[in-house]
Amino acid sequence: MQQPKLATFFDPATATVTHVVYDQPGGHAAIIDPVLDYDAKSGRTSSRSARQLLDFLHGQQLTLQWILETHAHADHLSAAAWLQQQAGGQIGIGSGIVQVQKIFQSVFNLGDDFATDGSQFDHLFADNEVFYIGKLQAKALFVPGHTPADMAYQIGDAVFVGDTLFMPDVGSARCDFPGGDAAMLYHSVRKLLSLPDSTRLFMCHDYPAKERPIAWESSVAEQKQHNIHLHAGIREADFVALRQARDATLEMPLLILPAIQVNIRAGRFPEAESNGVRYLKIPLDML
Ligand SMILES: [Fe+2]
């Protein structure tokens, strides 16, 4: 099986890791979890970070075939729509996104104008669905828990795990967003860690303690041995208790309100109002 070539970009503002996966220079690429910059103070968006991805595609003469979201992120806005406008490709996400859209249609009172059938995305992946990035074979793996709709993407010997596992010393993703479930995450991670020990695991975020530099690559063997929340041998009930206790201490992410409204629309903004300006909503006392 052909192994993927990789380029990784880290966004320090949101601690998000974006991976570009491709078969060969001059070939085909997928971009996983691209970030659109957003300044919460001014409401201003910028494609500065996403432009680096575009420059990389141009430098390697890559055709962008897929823009893959592991889930509807709550910590950053997706640059999927901007990238698609610039470079084409299909925007894909797990089919469970329809459930997330229904939850937030209600939270943001979006009414019937907002479709909750996933039609804002070009492709909804089913669990175990096989697809191709040029010559690379890829598979979508359903790994819910952080949200009800998370997908990991297995490409050759690499798995892009989204918000499931973090680096071994950081542990796991929170499970307290609407529709999240720590027991579900436990089973999703057991599924990932049942892959061969040498499988390379690529994170979507890193939040290291001060003394270590940012990292995003681990392996099944390393996670089974060292993950502080989910190493092999930890029992479901113990993980759920630990995760729930920790989640109870976490604040909402700074960008959850703008991010979710954009990300359930595949990275597009709401329609402009009569003055030509696009607006996002802030629900009071909901989250
Ligand atoms: Fe997330």
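This is a predicted model: local features need pLDDT of at least 70, side-chain atom pairs count only at pLDDT 80 or more; totals for chains, interfaces and linings use all residues.
**Figure 1. Lining of the largest cavity.** The largest cavity is lined by A72, H73, A74, V100, F104, T147, F177, P178 and I260. Its volume is about 70 Å³. Sorted by class, the residues around the largest cavity are seven nonpolar and two polar, with no charged residues.

**Figure 2. Lining of the second largest cavity.** A search of the whole structure gives two cavities of 30 Å³ or more. By class, seven of the residues lining the second largest cavity are nonpolar, three are polar and one is charged.

Figure 3. D33 is found in the loop between strand 3 (28-32) and strand 4. With a relative accessibility of 2%, D33 counts as buried. D33 is not a glycine, yet its phi is positive, at about 60 degrees. Most residues other than glycine have a negative phi.

**Figure 4. The whole chain.** The chain contains seven helices and 15 strands. Its radius of gyration is 18 Å, close to the 19 Å that the globule rule gives for 287 residues, so the chain is as compact as a globular protein of that length. The C-alpha trace spans about 55 × 50 × 40 Å along its principal axes. Of the 287 residues, 53% count as buried. Among contacts between residues at least 6 apart in sequence, 65% join residues at least 24 apart.

**Figure 5. The largest pocket.** The largest pocket holds about 820 Å³ of space. It is lined by 39 residues, and the closest to its centre are T14, A15, D75, H205 and Y207. Strand 1 (5-11), strand 4 (35-39), helix 1 (48-59) and helix 6 (236-247) are the elements that give two or more residues to this lining. Helix 1 provides the largest share, five residues. By class, the lining of the largest pocket has 22 nonpolar, eight polar and nine charged residues.

Figure 6. Helix 3 is followed by N109, which has a positive phi near 45 degrees.

**Figure 7. Helix 7 and its cover.** Helix 7 is mostly covered, with seven of its eight residues buried.

**Figure 8. D285, in the segment after helix 7.** D285 is found in the segment that comes after helix 7. Is D285 buried or exposed? D285 is exposed, with a relative accessible area of 82%. Although D285 is not a glycine, its phi is positive, at about 55 degrees.

**Figure 9. Q154 and its contacts.** Q154 lies in strand 12 (residues 151-155). With a relative accessible area of 18%, Q154 is buried, because buried means under 20%. Leaving aside residues up to four places away in sequence, Q154 touches Q137, A138, K139, L141, V159 and L195.

**Figure 10. E222 and its contacts.** E222 is found in helix 5 (residues 220-226). Its relative accessible area is 32%, and E222 is partly exposed. Not counting residues up to four places away in sequence, E222 touches P168, E217 and N227. The C-alpha atoms of E222 and D197 are separated by 8.0 Å, and these two residues are 25 residues apart along the chain.

Definitions and conventions. Residues are numbered from 1 along each chain as its sequence is written. Side-chain values use heavy atoms; hydrogens and water are left out. On a 1 Å grid over the protein atoms alone, a cavity is a set of points where a 1.4 Å probe fits but cannot get out, and a pocket is an open set with protein on both sides within 12 Å along at least five of seven lines; lining residues have an atom within 4 Å of a point. Grid points are joined across faces, edges and corners, and a volume is the space filled by probe spheres set on the points. Ala, Val, Leu, Ile, Met, Phe, Trp, Tyr, Cys and Pro count as nonpolar, Asp, Glu, Lys and Arg as charged, and the others, Gly among them, as polar. Helices (H or I, at least four residues) and strands (E, at least two) are DSSP runs, numbered from the N terminus. The radius of gyration is taken over C-alpha atoms; the globule rule is 2.2 Å times the number of residues to the power 0.38. Buried means under 20% relative accessible area, exposed over 50%, partly exposed in between (1.4 Å probe, protein chains only). Contact means heavy atoms within 4.5 Å.
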